[in-house]
Amino acid sequence: MSTDPDTTDTDIETDASTNDVADIVDEMTLEEKIDFVHGSYDPAELATGYVAGIDRLNLPSLSLVDGPMGIRAVPSTAFPASIALAATWDPDLAREFGEAIGEEARGADQDALLAPGFNVIRVPQCGRAFEYYSEDPYLNSRLAVGTVDGVQSAGVMATAKHYLANNQEADRHHVSAEIDERTLREIYLPAFEAAVTEADVSSVMASYNRINGTYAPQHRRLLTEVLKDEWGFEGFVVSDWWATHDGVAAAEAGLDLDMPGMPVYDWQCHGSTFLDLVSALPDESWFPKKDFAEFVSRPWQPANPNPNVLEDSPFDEPLREAIDDGRLEESILDEKIRRILREMARFGVLNGDQPEGALDTPDHHDLARRIAERGTVLLQNDDALPLDGTERIALVGPNADEPKVGGGGSSEVDPTRATSPLEAIRDRLEPDGSVSFERGLESVGDASMHDSFLPDVHLPGGEDPRIEDAMRAARDTDVAVVVVRDLATEGADRGLELPGAQNELITAVAAVAERTVVVLNTAGMVEMPWREDVDAILESWYPGQEDGNALASVLFGDADPSGRLPVTIGERAEDYPASSVEQYPGVDLEADYSEGVFVGYRHFDEEGIEPVFPFGHGVSYTDFEYGGLSVEIETDGDDNGDTEPGPMATAEITVENTGGRSGRDVVQAYLSVTDSSVPRPPRELAAFEPVELEAGQSTTVSLDLDRRAFAYYDEDEADWIVEDREFDVLVGRSSRDIRARASLER
């Protein structure tokens, strides 16, 4: 930490725990201010991002840690992927998860969590889809608010990421998302707005990509005019790692903290053997480390590498020079520090009044299992499930003896325990049951961006797995359970076909098995050319450390498969809205969001495309009937486009469990408008409510339809408009399974 010798007076007595933020800023030197707005090396080598404290001011450090599915710094609970949490459609469970992961962050002595991420899943190929929630802005918003509330209730700063329109990994460091204002407002901004205005999120992470030609960390309109001025965001904006290109432009635009503040080879969390070696080299003037790293790494760099990873922070010398020559006001720096210090004070970092936390506890393990169970979606079931435990089971799959903990990248977690499908099924069988295991194929492995973008394929020692062996095992048993996986990682988009010959394996097993159950461990949609040949399909996403236990619970009916799809599953990539090369991955580093507001199921409905499995879909082990829908419009709202928080209408419907066992359903309400003056989707999710009912039990579900759900964003008026029109309220079990409807006049 550099200091100005003229002002470093040991007689200055400043206690950061009692002085207000303004006093601390006033007593900081320019060098200290500059050092406080970018990251530095963490002496504990735990933090993903670290802001060094200032000893002479008794100002403590600030530690920020990945990630959305578990704490990256230390062995910790590996929770299911974010998309699995979204499949629960349960904001209360999201809050419980947020509180648990916040406790884990504190247990690792970290102050801020670099999560949650809730970018809209615009294209199914997105390599980080498993880290996000859904294709719908309203579902995203409810889960974002729940998770942020939970994290911050545990005394940890939450980070809303990635702001904004970071919807693909292909060319992510340079691609420009070309989006009109209405689409931004209706699709890509709502979850961030809700996190700010409802959950008071502590920080927001500016993404790598450009939006309409401007890099996110340098986008004054989004960072200052919308986020800070319009929404009243009082926290700080942090860059994604090495995302800042022009330090002065970013400082003026509203970026407050540049991370990680050092070249990648000096960053303690790089996780690469090659970079470990570079870091250990001396930094000689005749051949600097940077030049060596650049020269040696050039042959194996990906097609679109981060151009800044070998650079020093653009919030260091460039800001100092700009202030010295008058191009940047020092007051801009002061405001950034005030924002960071306010959050440090709010969460007890300044005075050391922080909760102890709880790392890798049995309660958190139980929660991880509960989320994995509730997030499992039964896509189809022809009387194949549940199992009773007395069956002869053939477990098939190249990795069915390994847990699928998560995807690759900054979200990777190192759990202290994890259960595989094979292990859990063996433990759950009744005495008369049995399980045999055949891989059928060589291991698919995992993918990670840290050492390489190539899959980490490993072969089981001494084996030569063959599909014929899997077929033989399946032929001689009552049911074949085929567990397959894809390979998704941050830094690269994924294909929609299962890797290797896993599709062929499923087809071969289904041809000989009496019953075939397919278990998908995937980041999102995959093509299913075999779906009509199998009896049941379970989408388990990336289930975390409780993979096997959660799967066994659902297979044997201990838990109802109550997950509902947060994304639409189409037949092929061409079914989705961004189906041209201009839309995805883009041409000349511009991705044209010309589909506008017709994202996900909105596009399928508008174009009359039949999905394989629709948004909101999921089969239960019991049956539900809906009836008696009534809708009442509120009379105290503003008739001239008032879209302030609060319901405009309330829908009530009766739901009855008519099956023979307890179960959980998600009641979904969609809005449709007649004769709108602007193009609007045929239906849009407006409210939802999970319900749990015993066999024969019924309940009345009340759904508040917020004013914003009735509105569209008018670019000319720069405001939300609710037209005087007839609206249909559609209530059902998915976007295509509508059980009741009612109309209301606005």
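This is a predicted model: local features need pLDDT of at least 70, side-chain atom pairs count only at pLDDT 80 or more; totals for chains, interfaces and linings use all residues.
1. Let us begin with strand E15, residues 536-539. Ala-536 and Leu-538 point one way from the strand, while Ile-537 and Glu-539 point the other way. Are these residues buried or exposed? All of them are buried, Glu-539 included.

2. E15 has partners that run in opposite senses relative to it. Strand E10 (residues 377-381) pairs with E15 in the antiparallel sense, over 4 bridges. Strand E14 (residues 516-521) runs parallel to E15, and 4 bridges join these two. Glu-539 is a handy residue to look for: Val-377 stands opposite Glu-539, and Glu-539 is also the bridge partner of Leu-520.

3. Next, have a look at helix H16 (residues 467-475) and helix H17 (residues 502-512). Their axes lie 8 Å apart, and the helices pack at an angle of about 30 degrees. Angles under 35 degrees count as roughly parallel, and H16 and H17 are therefore roughly parallel to each other. The crossing of H16 past H17 is right-handed.

4. Which residues make this helix contact? From H16 come Ile-467, Ala-470, Met-471, Ala-474 and Arg-475; from H17 come Glu-504, Leu-505, Ala-508, Val-509 and Val-512. By class, the residues of the contact of H16 with H17 divide into 8 nonpolar, no polar and 2 charged.

5. Staying with H17, its buried residues are Gln-502, Asn-503, Leu-505, Ile-506, Ala-508, Val-509 and Ala-510. What covers them? The cover includes H16, along with strand E11 (392-396), strand E13 (479-485) and E14.

6. Leu-93, Glu-96, Phe-97, Ala-100, Glu-103 and Glu-104 in H4 meet His-364, Leu-367, Arg-370, Ile-371 and Arg-374 in H14. The residues of this contact divide into 5 nonpolar, 1 polar and 5 charged.

7. Helix H8 (residues 220-230) is worth a brief stop. Its buried residues are Leu-222, Leu-223, Thr-224, Val-226, Leu-227 and Lys-228. After H8 comes Gly-232, with a positive phi near 75 degrees.

8. Now for an open sheet of 4 strands, in the order E8-E7-E5-E16, with mixed pairing. Strand E8 (214-215) and strand E16 (590-592) stand at the edges; each has a single partner strand, so one side of each is left without a neighbour in the sheet. E16 pairs with strand E5 (residues 176-178) in the parallel sense, over 3 bridges. To find this pairing, look for Ser-176, which stands opposite Glu-590.

9. Another open sheet of 4 strands has the order E20-E19-E24-E25, and its pairing is antiparallel. Strand E24 (residues 726-732) pairs with E25 over 7 bridges, and Phe-727 has Leu-744 in E25 as its bridge partner.

Notes. Residues are numbered from 1 along each chain as its sequence is written. Side-chain values use heavy atoms; hydrogens and water are left out. Buried means under 20% relative accessible area, exposed over 50%, partly exposed in between (1.4 Å probe, protein chains only). Two strands pair if DSSP finds at least two bridges between them. Axes are lines fitted to C-alpha atoms, for helices over the stretch in contact, and angles run from 0 to 180 degrees between N-to-C directions. Angles under 35 degrees count as roughly parallel, over 145 as roughly antiparallel, 65 to 115 as roughly perpendicular and the rest as oblique. A crossing is left-handed if the near helix is turned anticlockwise from the far one by less than a right angle, and right-handed if clockwise. Contact means heavy atoms within 4.5 Å. Ala, Val, Leu, Ile, Met, Phe, Trp, Tyr, Cys and Pro count as nonpolar, Asp, Glu, Lys and Arg as charged, and the others, Gly among them, as polar.
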